[in-house]
Amino acid sequence: MNRAMLFLLGSLMLLFNCSVTKGQGCRTVLQPEFSVYQSSSGDGYNIYTSVSIQGYANIAPGPGCNMSAATHHVGAENKLNNVDHWTYSANGCPTCYFSATNTESIVGVPGVVYSWISDGQAICSIVGSFWNSSGGGGIPGCLVPSTETTADEGFSGAISRELFQQTLSDTAVDSFDNHLVQEYTVTPGTNGCWWSTSGLVQNPGTQNSHWTVGQYSGVSGYHNQWGPDEIGWDLVDLDNIVQNGSAHGIIFPCVTTIYQGMQIECSANVWFNYRTDTLTITVDDDHTVKACRAGVCSEWVDFSYRIGGKTETQWVRIFRLDSGGSPRSSPQSVPSVREVR
Amino acid sequence: MIRYVTVLVLSMFAFGARAQNSPPHHQLAAPNMIDGAAHPELIPDPTAYRLYLVAVSTGQNPTEAERTHQRANLMRTGLVDADRQMLTSVLSDFRAKYDALVADYNASAKADSTTDVHTLLKKLDDLVQSTRDTIGARLSAGGAAKLHAFVVSEKKNMKTTEGAE
């Protein structure tokens, strides 16, 4: 009898105790009103990441709740390249408004993809984290093409240049559109068509021209392509080489070589070298010329009768009148159709 | 028997008393997270601007690292140098006012838990709008348009439960 009574009373106590906990314990409803913004940027060498959290919690405390015991704060997590960083706001009242931003940076290496995890958390001193929002992803050290192919697009008689169109690619099939590429001189070139009074450059280099990927001749719509890279001598120089070269010991066909390096702009005017090419311009005394870029060569082009059957001399004269420029002395690799200087 | 019952009843009250003094039981109202990557249209422009402006702005005396980070961040906007420098100045003003508004509100909320947060939210919205007006007035027309397009495009990197039902 006593045991039965004890069991009954024990059961009642348990039920009653639970109901007390549920019915009279401090029960608070939290309505999180938070936002998280994550961003990453780079200047070519450095990767910058930022995680920012802002907001507050709407709180509906139950009867008997003493919220003065609780404090809240927010944290912004910025885990870049597996190194974790947190920035926390100061502790504040449960209904306070909070914001916290964490910024990090590392030096990026082209070809490396860096892991990035971002998180924003709202944290209560009593119950711990009550809201979070995570994100992140991989951040490339720099978008650099692994391959550049060259295609010959023919000779432009108007500017006396062979036109080449390039296509960039990498294994991740990235888009390089709107990135700038730029040429530079790897080392001074050689000029087999030069003699001391020729007026030509003995050791030619590039013009340090730049192009926008995704455009050809300034026209958009050429995905991952750039150009034209215009390679050649001015017509007056070709004329000079052919007419006077032999008298000055030039052996035909004579070859001019330019060592071109190519760079891509990651961002903020910081460039990464992604390849080097050899450009050649070969002139023969039969009034023909051919240009090569990265092993892709044009056909031999007759530069004496290129426009309307005009002779070389007539052509040069017309050209000079049209351009108003003085004879050139340097072979060129230039970005777009422009007057020959 | 009476002794047992007495012990049990006392125990019952003792447990009950402990329950009343237990920490608050928080019930989290399930928020609808708006992911700007999936639904940028659900993030209002003023919210996007506030998030962006706070994230990219610095305090009154930024460190060199903060300035460098800010420059890198602003480079993404595609603004020309003059516009970027002007924006940097606007951001500094914005941040000072933002911090002041939040500090004022938090002081009030700490003193009185019934302080209406919506008053702060309205002030923040007004601040964001006035900052946008300033941007429109001080940056070139093209720069302001470019910045707006950028901020809107950045919604893809934002998540929020603010105002979500």
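In which loop of chain A is A:Asn82 found?

Author: A:Asn82 lies in the loop between strand 3 (72–80) and strand 4 (86–88) of chain A, where helices (H or I, at least four residues) and strands (E, at least two) are DSSP runs numbered from the N terminus. The model is predicted, so local features need pLDDT of at least 70 and side-chain atom pairs pLDDT 80 or more, while totals for chains, interfaces and linings use all residues. Residues are numbered from 1 along each chain as written, and chains are lettered from A and ligands numbered from 1 in the order written.

The phi angle of A:Asn82 is near 70°, a positive value in a residue that is not glycine. A:Asn82 is exposed, because it has 9 other C-beta atoms within 10 Å (with C-beta atoms placed from the backbone, 12 or fewer counts as exposed, 20 or more as buried, and in between as partly exposed).

A:Ser217, which is likewise not a glycine, also has a positive phi, near 55°, and it sits in the loop between strand 12 (215–216) and strand 13 (219–220) of chain A. With 15 other C-beta atoms within 10 Å, A:Ser217 is partly exposed.

Turning to the peptide bonds, A:Gly227 and A:Pro228 are joined in cis, with omega at about 0°, and A:Pro228 belongs to strand 14 (residues 225–232) of chain A. A cis peptide bond also links A:Phe252 to A:Pro253, with omega about -5°; here A:Pro253 is found in a loop, the one between helix 2 (235–244) and strand 15 (254–267) of chain A.
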